[in-house]
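Please look over the sequence and the three-dimensional structure shown here before reading on. The notes after it are meant as a guide for someone meeting this structure for the first time.

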Amino acid sequence: MKIIILGAGQVGTSVAANLVSEANDITVVDHNPALLRELQDRFDLRTVYGHGAHPDVLARAGAEDADMIIAVTNSDETNMVACQVAYTLFHTPTKIARVRAQSFLDQPRLFGTDALPIDVAISPEALVTDYIIRLIENPGTLQVLDFAGGRIRLVAVKAYYGGPLVGQELRTLHQRMPNIEARVAAIYRQDRAIQPEGDTVIEVDDEVFFVAAPEHIRAVMGELRRLDKTYRRMIIAGGGNIGTRLAGALERSFRVKIIERDLKRCKQVAEDLEKTIVLHGDAADQDLLLEENIESTDVFCALTDDDEANILSAMLAKRLGARKVMALINRPSYVELVQSGAIDVAISPQQATIGSLLKHVRRGDVVMVHSLRRGAAEAIEAIAHGDETSSKVIGRSIAEIRLPKGASIGALVRGDQVLIAHHDTRIQSEDHVILFLQDKRRIPEVERLFQVGVTFL
């Protein structure tokens, strides 16, 4: 595909890195020449200097024959106007805009061909907030990802010593839980991917990805580790967009406190929220944390816009007794450094956002994409179309489908029915198929599997 990305900031760079590796023709537009030079040094792509919403700049970027424009500058207004210009002057088929301001997102009538012709409005703050809420609602998880409108979930957990299934073969999972449908989709051992088979033995500290219906998640987790108690008390460091959103979503069910350094922002957050206690201070102040009973806090979330401040305050909170600590980290290199240390969960806004974009780039009918393992792996929800003569998957059992190496089918959604995949499960037309890919370089092979042949009319 020929794709124009407006904005060479953290989100734009992350999008470019993910898409350029898949043989797409990428052009990045920005008015910061230093960022553009850095991108050209790292990736095989074109760069154009200029304002992303200006018609002449879009023309130089090749908008006349672009398949997609992804507007992810720091300005909502620039992103929205750029999509309008691309639609009116260049008839760009797909237009995606990053929109951060809640006042815009609260008005869905703004986005449509009769108003602002934006096909997809993405709010990284909203996506990250939803991501954190799923982690909090499922204590002990490393990742919780929704498919088929939340009817099936892919969950990542670390196997602990003493878990009933630890040291056992995978096939014993069904024997231990005959009435619960679940399937292990992947196992990572010391960052090395292991294809799960019936005789695969789960070891301590394995990162296990499994698929199950939401109501069965805790039961499966109980086989891999000691279950964490439900969270009740939480402290959020940072009263920015994400921190305020998270507090607003959880304050009716949890006892929430926000620590914010800026006094003016403190007052604004206190007015916007109902039950949350807003504190003016530094989240890395040991005396303040002790005063606010950090040792009896279930979750500490560091959500400021400063990576270093988030890392340090989360590490301090953990040392002072917080049960679970999470830190929002923008730099990918930092995520890898801290994930296995004192910080329980490193949250990458880019990884939480990129899936919403990738599903519009994937060939075939792909309705959901989640980026995993810092972009190396991917989980996909694809719809099977056609019939037995035109499709490589319809009418075939899971065992008969020639999946690429490292790929596995975890579950099917057929109408209102969720089916955990077994070797003899047969795929029917219009099934939603949930796949896990250990190596995203195999994506073209999966796309070809789900493309309808020319014989299908």
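What follows is a short briefing, arranged by topic.

This is a predicted model, in which local features need pLDDT of at least 70 and side-chain atom pairs count only at pLDDT 80 or more, while totals for chains, interfaces and linings use all residues. Residues are numbered from 1 along each chain as its sequence is written, and side-chain values use heavy atoms, with hydrogens and water left out. Helices (H or I, at least four residues) and strands (E, at least two) are DSSP runs numbered from the N terminus, and two strands pair if DSSP finds at least two bridges between them.

- Six strands form an open sheet with parallel pairing, and their order is β3-β2-β1-β4-β5-β6; its edge strands, each pairing on one side only, are β3 (46–49) and β6 (120–122).
- From one strand to the next, the twist of this sheet averages 15°.
- Strand β1 (residues 2–6) runs parallel to strand β2 (residues 25–30), and five bridges join the two, with Ile4 standing opposite Thr27 in β2.
- Helix α1 (residues 10–20) packs on this sheet, where it touches β1, β2, β4 (68–71) and β5 (94–98), and its direction makes about 165° with that of β1; contact here means heavy atoms within 4.5 Å, and angles run from 0 to 180 degrees between N-to-C directions, with axes fitted as lines to C-alpha atoms, for helices over the stretch in contact.
- Nine of the 11 residues of α1 are buried, which leaves the helix mostly covered, where buried means under 20% relative accessible area, exposed means over 50%, and partly exposed lies in between (1.4 Å probe, protein chains only).
- Among the buried residues of α1 are Val11, Val15, Leu19 and Val20.

**The antiparallel sheet**

- Five strands form an open sheet with antiparallel pairing, in the order β7-β8-β11-β9-β10, and the edge strands, each of which pairs on one side only, are β7 (143–147) and β10 (192–194).
- The twist of this sheet averages 20° from one strand to the next.
- Strand β8 (residues 152–158) pairs with strand β11 (residues 207–212) in the antiparallel sense over six bridges, and Leu154 stands opposite Val211 in β11.
- Strand β9 (residues 182–189) is largely enclosed by the rest of the structure, because seven of its eight residues are buried.
- β9 also pairs with β11 in the antiparallel sense over six bridges, with Ala182 opposite Ala212 in β11.
- On the β10 side, three bridges join β9 to β10, which run antiparallel, and Arg189 has Arg192 in β10 as its bridge partner.
- β9 and β10 form a hairpin with two residues between them, and Gln190 in the turn has a positive phi of about 55°.

**Helix α6 and its neighbours**

- α6 lies across β7 and β8 and runs at about 110° to β7.
- Helix α6 (residues 124–137) packs with helix α14 (residues 349–358) at an angle of about 105°, with their axes 9 Å apart.
- That angle makes α6 roughly perpendicular to α14; under 35 degrees counts as roughly parallel, over 145 as roughly antiparallel, 65 to 115 as roughly perpendicular, and the rest as oblique.
- In this contact Pro124, Leu127 and Val128 in α6 meet Pro349, Ala352, Thr353 and Ser356 in α14.

**Individual residues**

- Most residues other than glycine have a negative phi.
- Asp205, which is not a glycine, has a positive phi of about 75°; Asp205 lies in the loop between β10 and β11 and is partly exposed, with a relative accessible area of 48%.
- Glu430 has a positive phi near 75°; Glu430 is found in the loop between β21 (417–420) and β22 (432–437), and at 43% relative accessibility Glu430 counts as partly exposed.
- Glu336 has its place in helix α13 (residues 332–338) and is exposed, with a relative accessible area of 51%.

**The annotated domain**

- According to an unreviewed UniProt entry, the annotation "domain: RCK C-terminal" covers residues 142–226 and 367–452; UniProt positions are given in the numbering used here, feature names are shortened, and annotations may be inferred rather than shown by experiment.
- Over residues 142–226 the chain is 15% helix and 34% strand, with the end C-alpha atoms 14 Å apart.
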